[in-house]
Amino acid sequence: MQGYRQDLAYIHDVGFTDFARNAAPGLLNILKRKHVADGLVVDLGCGSGRWTAQLIRAGYHVWGVDQSRAMIRLARGNAPRSKFKIGSLLRVELPRCDAVTSTGECLNYTFDERNSHAALLRLFRRVYRALRPGGVFVFDIAEPSRIPKTPERKWTEGRGWAILVHIEGNRSQKFLRRRIVTFRKLGSSYRRTCETHSLRLYRAQDLIRMLDRCGFRARQLSGYGSFRFPPGIAGVLAAKP
Ligand SMILES: C[S@@+](CC[C@H](N)C(=O)[O-])C[C@H]1O[C@@H](n2cnc3c(N)ncnc32)[C@H](O)[C@@H]1O
């Protein structure tokens with residue numbers, strides 16, 4: 001299953017990159033405080049490359065990975081000096097690096113149907129092996145509290161586009177589903193597309209225990225610097241000793 005096809009990738013890039021933009025100053029500060037002032041950052045689920053572009057501006061090299069061909073096409077335009085790969089973050093081989101980031105609940109999506117605690121544990125081990133000693137892994141994830149009490153419908157529009165989202169989930173099964181309908185103006189008409197995104201929800205504390213088992217020293221974050229996470233999102237900072 002592929003997600004973020006052409007129109008949703010475009011709409012995400014023009015209308016929904018606030019999270020990446022607001023997170024950037026705090027994330028850069030975390031890297032600096034952890035003495036990762038330069039070198040290679042691997043960005044898992046890089047999307048359209050807005051965070052990647054900030055890293056490049058701050059002097060890092062970046063290798064971005066995303067399963068969406070459309071997102072990577074946008075990322076190549078937004079951050080032309082980075083390297084990108086189309087593929088699943090749960091399967092790609094990681095290069096030797098100084099930091100690994102993943103912003104915007106990328107570790108929750110089930111576009112790769114392997115997504116599970118076991119697959120994340122394998123990913124954490126690969127990240128640990130790829131990082132140099134002193135390197136850091138920073139990410140945010142959606143927790144079960146991300147599920148609304150009753151199903152929600154949201155509507156957002158911008159110049160030449162509109163998006164409708166129906167959100168529902170099951171707390172005991174720890175999943176969230178977003179049914180997304182997009183309209184994008186092409187010439188004098190609008191193209192309608194649909195995508196369904198399923199997210200497997202994880203508790204940050206469970207992932208922190210898994211990271212510790214891999215050798216990391218991990219702790220929970222309530223934001224990236226002064227940028228506080230919205231309800232149901234938690235951050236994790238894991239350092240390789
Ligand atoms: C909400 S977007 C966030 C994008 C970007 N990190 C940001 O903060 O703007 C989630 C991204 O994760 C990517 N993604 C989800 N599951 C993935 C997987 N298994 N492998 C690679 N990319 C994945 C999606 O294609 C999408 O670009």
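This is a predicted model: local features need pLDDT of at least 70, side-chain atom pairs count only at pLDDT 80 or more; totals for chains, interfaces and linings use all residues.
Biologist: Which strands stand at the edges of the open sheet of 4 strands, and why is one side of each left without a neighbour?

Modeller: Strands here are DSSP runs of E with at least two residues, helices are runs of H or I with at least four, and both are numbered from the N terminus; two strands pair if DSSP finds at least two bridges between them. The order in the sheet is 6-7-8-9, with antiparallel pairing. Each edge strand has a single partner strand, so one side of it lacks a neighbour in the sheet, and these edge strands are strand 6 (152-158) and strand 9 (189-200).

Biologist: Over how many bridges do strand 7 and strand 8 pair?

Modeller: Strand 7 covers residues 161-170 and strand 8 covers residues 175-186, and Asn-170 stands opposite Phe-175 in strand 8. The two strands pair in the antiparallel sense, and the count is 10 bridges.

Biologist: Which parts does the salt bridge between Asp-7 and Arg-184 tie together?

Modeller: A salt bridge is a side-chain nitrogen of Lys or Arg within 4 Å of a carboxyl oxygen of Asp or Glu, and the side chains of Asp-7 and Arg-184 meet in one at 3.1 Å, N to O. Because Asp-7 and Arg-184 lie in separate elements, the pair ties together parts that are 177 residues apart in sequence, namely helix 1 and strand 8.

Biologist: How much area is buried between domain 1 and domain 2?

Modeller: The domain bounds, which come from an automatic or database domain assignment, are 15-143 + 202-239 for domain 1 and 146-199 for domain 2. Buried area is the accessible area (1.4 Å probe) that two parts lose on being put together, summed over both. Carbon and sulfur atoms give 61% of the area between these domains, which is about 910 Å².

Biologist: Which residue forms a salt bridge with Glu-105?

Modeller: Between domain 1 and domain 2 the count is 2 salt bridges. In the salt bridge of Glu-105 the closest N and O atoms are 3.2 Å apart, and the partner is Arg-146.

Key. Residues are numbered from 1 along each chain as its sequence is written. Side-chain values use heavy atoms; hydrogens and water are left out.
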